[in-house]
Amino acid sequence: MTDPAAEIHYDDKGVVEAIPTRPPRSQWAEVWQQLKAHKGAMAGAYLFIFIVLAVMVGPFIWHADPQFLPQGRDFINLRDTRPIYTALWDSGAKVNWAHPLGTDNLGRDTLARLLSGGRVSIAVGLTAMVLSILLGTLVGVVAGFFRKFDGPLMRLTDLFLALPLLPLILVASLLFREPLSNTFGTEGGIFILIVALIGITSWMQTARIVRGDVLALKEREFVLAARSVGTNPIQLMIRHLLPNVLSPIMVSATLGIATAIITESALSFLGFGFPPDFPTWGRLLNDSVDRMVLYPERVIWPGLLISLTVLSVNYLGDGLRDALDPRIRGR
Amino acid sequence: MLTFTIRRLVLAIPTLLFISLVIFLLLELAPGDPMAQVPLTVPPEVKERMREALGLGQPWPIRYWKWLVQFFWIEPQVLIDYYFGTTFSADDLRVISWQTRSPVMDIVVQRLPQTLWVVGTAYVVGILIALPVGIYSAYRQYSWFDNAGTFVTMVGFSVPPFFSGVLVIVIFSVQLGWFPSIYDTTLRVTDWDSLVLQLQQMVMPVMVLALQITSQISRFMRASMLDNLNQDYVRTARAKGLREKSVVLVHVLRNSMIPVVTVIALGIPGIFGGAIITEQVFKVNGIGQLLITAIQANDLPMVQTLTFIFAVLIVLFNLIADVLYGLLDPRIRYD
């Protein structure tokens, strides 16, 4: 393999000597270079950051209260308004500049509900991803590092992979709803429930990948060196093994956000997720399906947002995987 | 190979027993009361007797054992009776649904054709589209076809079925009025017209499911083809003067199909689970919809049995995938 950035020098004995002209860069700078070249990944990253910022900052700019119910005559006037753009082709449409994306059948502002729903959906996605990565890494590192835990932990992983997860999530979400709601309040309880359910049922792939990598790394010389200077196993795992398995973990973390958001929306869509007055994108979609003939925008916006978020995250994960794969880096 | 299969089959039994225990214990925690729908005027002692009639009076190990016996011993007998007209299971108690008070397996058998029709067709359609797309994308890597294909599979990967389903309903059923939005399961295919109706109502669910399946499998197919196209044996095949068609479609494809076939096998049980949402969107009253209504109605024997059937499918197809891998790839030997 020739490095285009290296100049070839001949010394007096005719020995070819390649002197790199650019300073050596760290691994992460290389990864960043590679990632920058991947158009899809960059577009995904920008879109994802934009959506996250929009749902985080949006409520401070768009002050409408997503829970506000107009009373009396206002209720009649403000309910079921269409988005502003429907006036383009339907001059008789009930539109209102105060509600650019319209209102629902109770007169609540759709834009505000989309923003607050997105906050919950993305918060669930990120937290569930963190939980699943923590679990997966823990199981993977322990199983790969300690021989005696390897068998039992991998059987546990196989068992989890053999469970029909969606039915069990549905059952469990009904099961623990009451006790958790009583302890942490309705919204907090259900948030914890959904995050825990998604996290507990999605760590297996990470665990398998991490275990495989740890098994290979364990035999390398630097681990032997660290062991010989008396590093204890915990330190060895944290200081020497974890940084080396970071790349597969990062890829599965990115893709994990996507699956977590989809699972949460699916739960809400089936009516097993968040309660109706606590909107998430899936819940908004579910609530609007019955009236989609008259108000298709109420279905399309939340669905579009879910799909765009997941698409951007998937593209980012794909690019990250390519960038972190040393076999195809620099191609 | 045979010993491996037998060993795996034997190992699957404790796994499945353990899974059934896990499901049972999870359902045991369920707060729902099957007597919740009984009118308040029914005296408590009568309710207690009704509860016992449902088999709820005993401690859970006994009930678990009874479920095991009913599922693994009595239900197969019923099946044998059905096919051969014997009377092995004449007076034995079967797994009874709390909702309908009829045997769970009878309802499952009623619902199965709908799921199999829709999901099975979608799976076949998905594979038939995915394989050529994956092969051609890999062969012309980074061409416009590959880029478009990658984008479409990414979209198919990312758009959840409850959105793509609703979207196609809005487009094809509300705006264009081509297909019905609700799957009519009472339709009997007797003549040409009813067959057309049946196909029309299958188009949208199949389209939604097939998009997902296509995107998963064509990604795999493409990656697997790309791995093989740069191998030395491909250069050898070209060097000895084989036509490009036979290099790609015989040499490369046969080797690339090995992982894809196992992925196809592994995806079959997942499709039953994934179809839960699609069935809900199009109101197909198949297995997935049965599960949702059973969960909502606290019908524990039904949930237990259905979930366990899903688990059996997953374990079975995992086994099939492993065996297929060994059969197709002579480099892999499980000895």
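These legends describe close-up views of a predicted model.

**View 1. Chain A, overall build.**
Chain A holds 14 helices and two strands. Its radius of gyration is 26 Å, well over the 20 Å that the globule rule gives for 331 residues, so chain A is more spread out than a compact globule. The C-alpha trace of chain A spans about 95 × 50 × 30 Å along its principal axes.

**View 2. Chain A, burial and contacts.**
Of the 331 residues in chain A, 49% are buried. Contacts between residues at least 6 apart in sequence are considered next. In chain A, 68% of these join residues at least 24 apart.

**View 3. The contact between chain A and chain B.**
Chain A brings 36 residues to this contact, and chain B brings 40 residues. Together the two chains bury about 3300 Å² between them. Carbon and sulfur atoms account for 85% of that area.

**View 4. Charged and polar pairs across the interface.**
One salt bridge is found across the interface of chain A and chain B. Its partners are the side chains of A:Asp318 and B:Arg219, with an N to O distance of 3.3 Å. Two residue pairs are in polar contact between chain A and chain B, both at pLDDT 80 or more.

**View 5. The side of chain A that touches chain B.**
Four helices of chain A each supply at least two residues to this side: α5 (147-162), α6 (165-175), α12 (246-269) and α14 (296-324). The most comes from α14(A), with 13 residues. Sorted by class, the side of chain A that touches chain B has 30 nonpolar residues, four polar and two charged.

**View 6. B:Thr262 within its helix.**
B:Thr262 sits in helix α9 of chain B, which covers residues 244-282. Is B:Thr262 buried or exposed? It is buried, because its relative accessible area is 8%, under the 20% cut-off.

**View 7. Neighbours of B:Thr262.**
A polar atom of the B:Thr262 side chain lies 2.6 Å from the backbone oxygen of B:Pro259. Which residues does B:Thr262 touch, not counting those up to four places away in sequence? They are B:Ala321 and B:Tyr325.

Note on methods
Residues are numbered from 1 along each chain as its sequence is written. Chains are lettered from A and ligands numbered from 1 in the order in which they are written. This is a predicted model: local features need pLDDT of at least 70, side-chain atom pairs count only at pLDDT 80 or more; totals for chains, interfaces and linings use all residues. Side-chain values use heavy atoms; hydrogens and water are left out. Contact means heavy atoms within 4.5 Å. Buried area is the accessible area (1.4 Å probe) that two parts lose on being put together, summed over both. A salt bridge is a side-chain nitrogen of Lys or Arg within 4 Å of a carboxyl oxygen of Asp or Glu. A polar contact is a pair of N or O atoms within 3.5 Å; within protein, one must be able to donate a hydrogen and the other to accept it, and residues adjacent in sequence count only if both atoms are side-chain atoms. Ala, Val, Leu, Ile, Met, Phe, Trp, Tyr, Cys and Pro count as nonpolar, Asp, Glu, Lys and Arg as charged, and the others, Gly among them, as polar. The radius of gyration is taken over C-alpha atoms; the globule rule is 2.2 Å times the number of residues to the power 0.38. Buried means under 20% relative accessible area, exposed over 50%, partly exposed in between (1.4 Å probe, protein chains only).
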